[in-house]
Structure formats: structure tokens, C-alpha cells
Amino acid sequence: MESSRPLATSGDISATGDEPRAADTAPSASVAPRRATLVAEILKRTGVNVMRCYQCGKCSAGCPMATEMTRRPHEVMNLVQRDRRDDLLGSDGIWLCLTCETCSARCPNAADPARVIDTVRQIALEQDTTLAPRAIGAFNRSFLGQIKQTGRMFEVGLAAQYNLRSGHLLQDAAAMPSLLSRGKLRVKPASVKNIAEVRRIFDNVAAAERKAGTQRGHR
Amino acid sequence: MSIGYYPGCSLHGTSREFDESTRAVAPALGIELREIDDWSCCGASSAHSSSHLLGVALPARNLALAEEQGHDAVVAPCAACFSRLATTRYEIAHDANLAEAIPGIIERPFANSVDVVNIVQLLLAHAEKIREGVSAGSGTAAVGQLKVAAYYGCLLVRPVEVAGADDSEVPTTMEQVISACGATPVKWNMAVECCGGSFSMSRTSSVMRLGRAIVDDARKAGADAIVVACPMCHANLDFRQAARSDGDALPVLYLTQLVGLAMGMTPETLGLQRHFVDTKPLLDTLDTRAHELAAKTQAAAAAKTKARDGAVV
Amino acid sequence: MFVCHCGENIARTVDCARVSETLADHPGVVVSLDYKYMCSDPGQNLVKQAIEEHGLTGVVVAACSPHMHEKTFRRAAARAGLNPFLCEMANIREQCSWIHDDKVEATDKAIEIVRTIVEKVKNNAPLETIHIPVTKRAIVIGGGIAGIQAALDIADGGADVILVEKEPSIGGHMSQLSETFPTLDCSQCILTPRMVEVYQHPRITLHTYSELESVEGFIGNFTVTIRKKARSVDESLCTGCGDCTAACPSRKIPNEFDANLSLRPAIYVPFPQAVPNIPVIDREHCTLFKGRAKGREKDLCGKCKESCLRNAVDYEQVDTLVKEHVGAIVIATGFVPYSVGRDQPDGLKGYAEFNYGEIPDVIDGLQFERLASASGPTGGEIRRPSDGKVPKRIVFVQCVGSRDPEKGISYCSKICCMYVAKHTMLYRHKVHDGEAIVFYMDIRAAGKGYEEFVRRAIEEDGAQYIRGRISRMYRDGDVIKVVGFDTLSGEPAIIDADMVVLATAVRPHKRVKQLARMLSTAYDQYGFISAAHPKLRPVETNTAGVFVAGACMSPSDIPDSIATASAAASKVLGMFSSDDLEREPTVAIVNERTCIGCYSCERVCPYGAIEHVDVCNRDGEICGHVARVVPGVCQGCGTCVATCPSKSVELLGFTDEQIFAEINALLTW
Amino acid sequence: MREMIETATDFEPRITAFVCNWCTYTGADMAGTSRMHMASNVRIIRLPCTGRIDALFIIKAFERGADGVIISGCHPADCHYTAGNYHARRRFIVFRELMSFMGIDPDRVTFSWVSAGEGAKWRDVVNDTVTRIREMGPFTAYHDLAQRPAAGSAILTDVAIPDATEASVAEAGGES
């Protein structure tokens, strides 16, 4: 008499996006897969509901970088709410965030702007690595390259690689002697003994992400 | 209780004085630190901002090592390392799927059983020992004259659920350690404002601007120096501000260095010579002031005794 | 058996025709039909006709929740000559059609629901409505503007009223206000005459400095106990001359009436127009009582008593308990402002980013009212508390606490938008070169003349409104740095203010939960009293005979408070208009033949409705005793029924037979 | 019939809910008013108060084929009748032991407090209970016992222990 059915939860944000519902719903394969809304995607990745944001601007008020951004944190939240993907992923606001978490600590609605911006950055990189400003992308790539190579970050090498990648060839070059004289720079990198293990972590993460269908584009 | 020591990359490089002072202070407080064998980089913000999973997996390897090596807790003096390790511990504890996936990814058994503490929490737990050391009288007299601004920055107070500070906006833990050292913490406004953190290299101009506001407010509040517990904060407030054109930089001490000075260690042991903003003039001035003051007090006491004796006679 | 479509509400997911067809075959069902709107007149006529035509002995209406329309259909049945308690409702809307999608499934469920109720009705017995007498006196708890209005309206309507106020004077928060929006008329000028009227009204008994201690009884027949706290001044002797107040040597106690912006002595009258104008000794701060509390044998002071020519000061006075019988209760306990400080009650957080309000010259709205009031600590001049300077730039911050779920309050406090606009006007009228800057999120000015009032503040009085929340404020030398963001211009708004006024949230009084429990009335997660129905019964509570008025229900301004107070008063007067009340006969009865007189029922009865009855034999000799339920007192919970070891108690309307019939109908192999 | 469609996965439990009129029934109404969708396996029996609930109601429900029972009333201290729910709670503590004795897994009964304002909580109680009972599978102990004499005399030679249970069930049912 009774058919089995999913226990839908009202107010579930995924209902407005097109997240897969319970597995036993009617097959929807015939419908062309539409990309999930940013709100739904962020909810799925982080559990943060961006619709909680009511645009009070408290995040932007406390943001140390707000003066340098053209898209401030509250505007980023608004662009996510309105699913303005292209405007958002191309905006400087997401790259100028320091992840200092001031916004999230003070957000009256626990809408966690820092986490949202962080996630938007990841979504951007998965779509197109060139979206990141050259300097910031260069820094991150150099940093991760270092870890893959030696298991630890080695500042001289990092600075050299970063300067090459960012095009700021001589940045802080003048400071090198004074850093050296203060014993602050190691000339030779110290490597982790079991470096193979660290490298496998990178491979395993990549494999896991491929499996989860969120493979990063620049790999 | 066995505490694993996670120095992190910075403490083996640009902020080796943080490492030196931590290693010097710990035994004096009866803390045995054992460096985690074969630790690797926590990935910092770079790993995390490229891949959430990588940002958890790299710290998890180190927590798994600590677990294997029999530690109950890990202390990470670097606030950035602390934040990554503590966030990892928090996220794995609150996400069953992640907890299941991690052992496979780091290829190690992992029960997430090791506590993560920062250097402020560790020192605060030994505040009584610090006070004993200070009252033993061997400490540098200058510390008693020192007025400092306790600078927490971001990672020691945020994210609120991870950092474990007593209050994310008006924290007092660092001030308590400073008071235990005999120095005076000033009331100021920038204790939890961001210094620019990881933008030190990639966006130096922003870091200069943010650091300047912090140093200026500390100066306005009457501080002789700023005390930090984060290599990035130190680099941004010391290295970057040393270069400011008005020359109005303030000495920036690691909390461990302050504790070391208070307990009578030499500036060299604590690596103070490695700073860009020279700390020597400040310490010398304060030292002189302390001695003058002591002499004055002594003279006054003597005069009083004399006067009393005179009255009796 | 009648199935309602409720327009599309039920018919959308329940196949009403199938329900009525299926039930038509059910044993005992004579009529089974469905109709678009059963609650409409034609729908009700269908029921009446069917009863008359077929001589029905029971009616089931499958429609909405019984809480919605049970009364409607029972009345319809009664008009057709059927005992109303033979009519029941099957809830196929709230608990079926509205919560399911699948039509087949929902229809099957609806059929099962209806079947159980049909089986129940087969076991229903005709019952007679119970009549209970009404005491035509009311008690009003709280002497603010809502309580004053309710008391006056009830008393003017001809019933006696007892007004209880916990403070030494009535008047409430309204007496502290300077001028009121949207007319800018003086608050005290319109309030004080009403306070005097209360004092002089022959039908109002006023108990100030008193609190409700306990309540017993039920609608129409409550017994309340009032604790009159020791005032230490004999009210019958005191003339209110003020000599004692002048004589008191301890004068450094924060003055609550001035929101702690001034000081008062230990024996004091809260404010000059207080009603009654009789002082009270604040025993917590009085030197004499502090000494006694520490066990000193000799009193340390006695100046007020010495100064009193009428010998009205009485240090030996103790709290007294007064018992009163009333028929109705009005709750009007008002509100307290949220404070941004570190210490907070359960569920709330302070504003660490505002340094917990510990920055001098950051004050709240009520404090600004006192600064602006002619009777306030500065005589109406706007001067900041720290150094008495006239602030040249004031930042007003809206939604502090309110609409801030992370701090524990999600709701809008409703009055702040308006009083902030008023504050900017008062300030600009008094300090012509002053800047009034308001940080707001939205302006909520829904009320007669309200939007115009806010526009006037902006257009004519030059208040500057910036849309955005404040992230942080800190003291920077002589000024307060207010770090905000103008979300409309997209620019940071960092302002050096001389003074900051926080429009803090409106919260229910902290003791109202305790009161609500005493009266068995519901309250929401914040502690505001819940109305019996948010729309249809806004001033009644779920406890019959208990009504509610003013800001203890939800944040309200003065007109709202007065409106709800008058509404509550008219409800009370309506109740008092007849000599007795009708009550549903859902009460327990004892089968005296099987009762063994163990009185287990008496132990569990929450209302004390069980009495002992002697059983006599044919010769009139007492041969045993049994329990009996007093129908007027019994509220019909049925706890005694489930407790009775000899199964001698039944709850009319919910008998064992009825419930087992339901279970049997619901589940069959 | 029932056995035929019941495999481990698509078994649909039948659940009877005994709820008080003032809190949970109103809460369930509120869930409806708020259009909160939920599993349709629950049938509500409205009582004035949880204090009215007799242990026999629950046993009767299981005897008549319920796979699970929900008992829900006002929160402690919020009872419309001041203290009915306290008495109910006290009674159920004793009752749980009786249930195990009678061969009913106490986990088949959900006790909860749902106030008139907690429509969402009611939805969760319903959905959680349905999920849990679905995992536990159908409650067939009493049904099997009832079927046994009908199935043929051969089974009557079975061990004596189930018969003792059967007797107590018959008693419980017989009193209704």
C-alpha cells in the first residue's frame, strides 16, 4: 500500500538548487544537468548557508583590506546570493582577503564570510587557475612546490621561485644580506626524511578529489 | 604529560629566535619539549587556499606522527602552524567523513587524540613558575620597567571555535603572561587587528599600511615594545616596519623572549640580536632607569631610617 | 461523515471523493459525502439537514484541526438537535494534506484518520456543558502604561481591580521618557494624570513595591497571594514631605530612574511625580540595614526616622502577604533593555567588539532619554557622562542586540527606528551645530505618521543616516572611533564620535518566565508571553482567564501597549458580563461503586479537584469512603484516570472505550 | 500480504502517536500550517494530556500491529495542566521495564517533548522515528503469536516459553 519515499526536510536549501535528492527519487538523468547555484554549492562544501546574510555590511566595516578592494566582503556575499558567478570569480575581493576571520567572528548571522570567500577562491581555481592574481597565485604555487620537493618550506628557495613566477625579480633582494647576517636564512634546504610519504599525500588528495568530481583544473 | 614540539618551517628559518627562545624558556619552566620526529610543513594558507583537503591532510600527518610518538599534546609556537593544526583537529573531530578519509590519504593510522596548544596557552599554564622565576630576582631589571602592547593578531583569537582564546575581541591571556613577567601591558586598540599576515611577500604595500596602524596605536598607548607570538606578525611588524621612512618603528619581542628576559636569560640566548628593530637601546635605557629608580628608593629608605633614628635620638 | 475539500487545501493532495466513498461502506456510517467548504453556511447546513433527515447519533467532520473548527461544527450539530459532544473532527488538513505530497498515500492516510474518529464517535456519550461562577474582580500585574490603561478600563467598566507593581511607584518606562514619537509631546505630561487617576479611582486597589507570590484556582475563581515588600515607611502616616530623603546621609547610590546617570539617597522617592508619593528604604544600600545584615547590634544610622515628624519611618516593618480572590488576571510586566555588557543571561552574548560597553560615553537609548528629559540629571541639556561636555557629534547605532542571532536575539525590537529618529531631532533641537549620525540596516517606520517623522528627522533636522552595521568601536583619546561601512556608497565609514548612543534590544522582564510558569501560560524562546493565537486571540493566553497586554508579549510602542491593554480589559469585562461561565464537560468522574478510596488520584491531581466522600449503608452509617471529582475545578487532564489502580475514574470525552476504539480502528492485521 | 511486500528495504512501519492536545498536537498542527513535509507513517491519537496515557494503550497498539509508538507532550514545566507530563514521565520509567519483559524492544517507543511552537521538532521526531523503526524492521512478535493457533496444531507442541508471553499479551488485550 505504501510506497517508499524520501524524507524531505522543509527549508532545505538544496531544494532550491539542483542537488541530487535522496537516491530513490524519480530518475532525472533525462534532464540535462544544470550547474548547481553557488549558494547550493557552498552549502554542500562547507555547510554555510549564504542566504543567512542580510547585507548589513558589518564584515566590510571590519575588513582590514576593504579599502583596497573593489568588491567588499558584503558584496561578495551578495554576488553569491544572486549567483553572479562570472562577476564574482573575476573580482579582486576574493583574492585580497587575508583570511583574518574578523568578518566571521563578528557576523551577526553566522554567515561566515571568510569561509565563503575561501570556498569561492577554490571554486575559481578549479574553474581556471589564471583567475588568481599573478602574485598570489605565484606565491601559493611556489609554496606548494617547496613542500612537494622537500616536505618543508625553505625561504630562500621560496623567495627565489616566487620572484621568478611573479615577475618581481628583485623584490626583497636588498634585504637578503641583512637576513643572512642575522642568521635568519638557511642557505641549504633541510628535507623531511620520509619525503616520499609527503609526496604521496599530494597524490592521494588529488586522487580523492578526482573521485569526488571536484578535480582542480590546474593539476 | 608529554608535549610534542612542532617548530614549523618559519622557526627553522626567518624566525629562528622564536625557536631559540622557546627552547631556552621551556626547561626553565619545567616543560620538556620533544621535537616531533620528521615533521613536515603544515601547508599554511597556500595548501588550504588551493585545496581544502590538502590543507587538512598536511597538518594531519604531523598530528599522526605526534600520536605515534606518544605525545598527549602538541605545542606549535608559530601561530599560523597552530591555527592549521588546531583547525585540522577541529574539522576532523566534527566531520565523520573527513575522519574516515584522512588515514587513507596520509597512509597512517590516526585517532585525532592529540591536543593542540599555542605558546600563549602553554606559558599561561606555567605563569606561576614564571612569577617564581621573576621573584627569584635573577631577571633583567629592564623588564620591570617595560610597558608593552600585547598583540594577538588573528590566528590566536580566530576562528573563535578553534583558537580557544578567552575572548575573541578582548583577550587577556597574553596580558596575564606579561604581568607574570613583571612587565606592564598597556590598554590599546589594535590587539586583534590583522597585520597583513601572508601578504608579506605578495602584497607588501598592504602589509606596510596595516602594520603601521598597529605600531602607531601601540606607540600612542605608551608602549615601549610590542609583544607577539607569531612569526608572520613579527616579520610584518619588525622586518617590514623597520623600513618605514619616519623611522618610528617599535621593538617587537616574542612572548617567549620576554619571559626569558624576565627569568634572567641573556638577550643573545634569546636571539634578540636577530631583530631588525634594535632592542638594545630600549633595554639599556630601561635598565638604567630601573637602576636609578632602585637607587632612589634605596636612598629614600635610608633617609627615612636615618630620620627615624634621628627622631629617636 | 462529512469530508471537506477546504477549497484546494485538502483536495490538492487528498482525494476527498474517495475518502467519502470508502467511508460510506464503513459499519455504522449512514451518510457520507464531501463538499468544497464544510465550514461555510451551506456546508454547515448539509450537516444540519443530515442530522434531521437521518436522525444521526454521531457526526464526524473530516476537515481541519479540531483547534480550528470543532466549536463551529459542534454548534451546527446542536442547532440540529444533536448533543454537540457527539460531533468530532478528523484532522486531514494540518496533519495530512499539508504535510504530504503523494496523493494516493495522503488519501489512504486520510481514510485511516477518519475511520479512527468514526470509531471514537460511536463510543461518544452526550455531555452537558458545565457552568462555573465568576468573581468579578481582576488583578493587573505591572504598573507601566499597559497595566495602568488596563486597570483604568476595567475599573471604569464597573469591576474592581487590584494593580500590582514591583517598583515603589507606578509609571514604568514611560515615566522615564523625555518626549514621545511621532508627536514630540512630553511623556510625563500625558502619563502623570493617568497615574493620579489610578491612585484616586475608587475601584482600584494599588499595591506598589509588591509582587505576585502565588496563584491558585482557575478561570473566574483565582486566589492570588501578593507579597508586599517592606517599604520601611508606614503608608498611612507618610505625607510625602521629603524630610527623610533630605536627611539621609548615604547619597551615592546609582539612581535607577535616571538609568544610573545620577545618584540618590537610600531612602527615596523614585521621581517627583511618583504614585504613591511615599518613600522607600533601599535596604541593600542603607547604612542601618547593611549594619544589621552584618549582625551589628547597635544601629549605625537613624537619621530618616529622626527627621520624620509623623513617625512614619518603620525599620521593623516586614514583608506581608495579602490574599485576594479574582476572576481574571492581566499580565502587563513590560520590558527591560538589553545591555551590551559581559554578564548576560542564558542564551545571550555581549558585544565584545564594542568593548562590552565599557567605553565612557557609550550609552543606551534609555540613558539618552534621561539626558534629554527636562527632569533628568542634566536638566535636559545633552552633556556626556564622562566630562560633562556637550557632544558635537553623536553616533546613534540601531539594531544593537536586535536582529543579531549570534548575540542571541533574532527579532526586530520595533521601537528603535522611531526613537532613534526622535533622539536625533531632540539632539539637533538642543545642539544646533551638533552632528547626528545614525547607523541603520533598515528603517521600519510602519505606523500612523511614523515614516513622515523619520523623513522629518532627515530632511528638516539634518540627521545623517548611514546604512550599515558597526564592526567595532574603541576609545581613541578623547573620542570614540566608530568603525562602520556605508553599504550604499560602498565606502568605509569610520567616525570620531564624542558620544555613542546604542539602540539596544527590547527584552522581556527577566522574572516573567517565573510568572508565566505560575500562571501556566506559554512563553516564547526569548521569554515573551505567547498569545493564545497570534492573530485571532492576541491578548488572551492559553490559560483561560489570564490575559496579556503591552511589551511583555513582544516589543511595543506606547500606542500598541495601550491598544493591547484596552483589548485585554474589554476581554475581562466581557467575561465579567455574565454571572457564570460555560465550560466544556471534559472532566473526570469517579465510579463510586468500584472506587476503593485509595486517593491515588488525589495525589496526582494538579488542581486539587478530588474530594473525599463518605459512603453510608442503608442505615445511614458510614461504611467507607470514596473519591469524587469537583467538576468546576477539574480541568480534564486525565492523569487521575491513568493512575487509578481500580480503573474507577473515566475522563468524559476521552474514555478508555473511545481510545481503544481508535487504536483498534487504526491498526488491523 | 504484508509479509510479501516487506523486504528489508521497503518495509513501511506503522506508527501510532499518543500526543497531548495542547503542546504536541498543536505543534503537529503547526508543522502542517508551515507545510513541513514529513513521513506519512504516523497516526495521531489526541489526548488531553500525556498524563492520560495508560500503559495499556501502548501495549494495545503493539498488539494491534503497530511497529512503533511515539509519546509526546509538553516540555517539563510547560504542561497545560501544570504537572500531568511529570506523572506521565514517572510512569514511563517504570513502563519501559515492563515493555522489555513483555517482549517489546523499548527502542520501538519514542518519548519526546514537543511544544506547540515546535513544528520543526515534531517533523524531526516523526522522521527520525520512522527511519529508526524502518531499520529495526517490523514488530511481528505478537502477530506471530496470534497466528500460531490458527496455523495448525503441530506448532502447539512448541517450547513453553512463548506461550507464557502469549498469555500475558492475551491478558493485556483482554482488559481493553
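Which strands of chain D does helix α4 lie across? Helix α4 (residues 84–101) of chain D lies across β3 (68–73) and β4 of chain D, and the helix runs at about 165° to β4(D). Such angles run from 0 to 180 degrees between N-to-C directions, with axes fitted as lines to C-alpha atoms, for helices over the stretch in contact.

Before we go on, a word about the model and its labels. This is a predicted model, in which local features need pLDDT of at least 70 and side-chain atom pairs count only at pLDDT 80 or more, while totals for chains, interfaces and linings use all residues. Residues are numbered from 1 along each chain as its sequence is written, chains are lettered from A and ligands numbered from 1 in the order in which they are written, and side-chain values use heavy atoms, with hydrogens and water left out.

Let us stay with chain D. It holds seven helices and four strands, where helices (H or I, at least four residues) and strands (E, at least two) are DSSP runs numbered from the N terminus. Starting at the N terminus, the order of elements in chain D is α-β-α-β-α-β-α-β-α-α-α.

The four strands of chain D make an open sheet, ordered β2-β1-β3-β4, with parallel pairing; two strands pair if DSSP finds at least two bridges between them. The edges are taken by β2 (42–47) and β4 (109–113) of chain D, each with a single partner strand, so one side of each has no neighbour in the sheet. From one strand to the next, the twist averages 20°. Strand β1 (residues 15–20) of chain D is joined to β2(D) by six bridges, and the two run parallel. You can find D:Thr16 opposite D:Arg43 in β2(D).

One of the residues to look at is D:Glu12, in the loop between α1 (2–5) and β1 of chain D. D:Glu12 is buried, at a relative accessible area of 5%. Its side chain makes a polar contact of 2.6 Å with that of D:Asn41 and another of 3.0 Å with that of D:Arg134. A polar contact is a pair of N or O atoms within 3.5 Å; within protein, one must be able to donate a hydrogen and the other to accept it, and residues adjacent in sequence count only if both atoms are side-chain atoms.

Now turn to chain B. B:His71 sits in the loop between α4 (52–68) and β3 (73–75) of chain B, and counts as buried at 6% relative accessibility.

In chain C, which residues of helix α1 (residues 16–24) are buried? They are C:Cys16, C:Val19, C:Ser20 and C:Leu23. These residues cover an arc of only 90° around the axis, which puts them on the same side of α1(C); the arc is that of the directions from the helix axis to the C-beta atoms. The buried residues of α1(C) pack against β1 (2–4), β2 (33–35) and α5 (103–122) of chain C, with contact meaning heavy atoms within 4.5 Å.

Definitions and conventions. Buried < 20%, exposed > 50% of the residue type's maximum accessible area, 1.4 Å probe, protein only.
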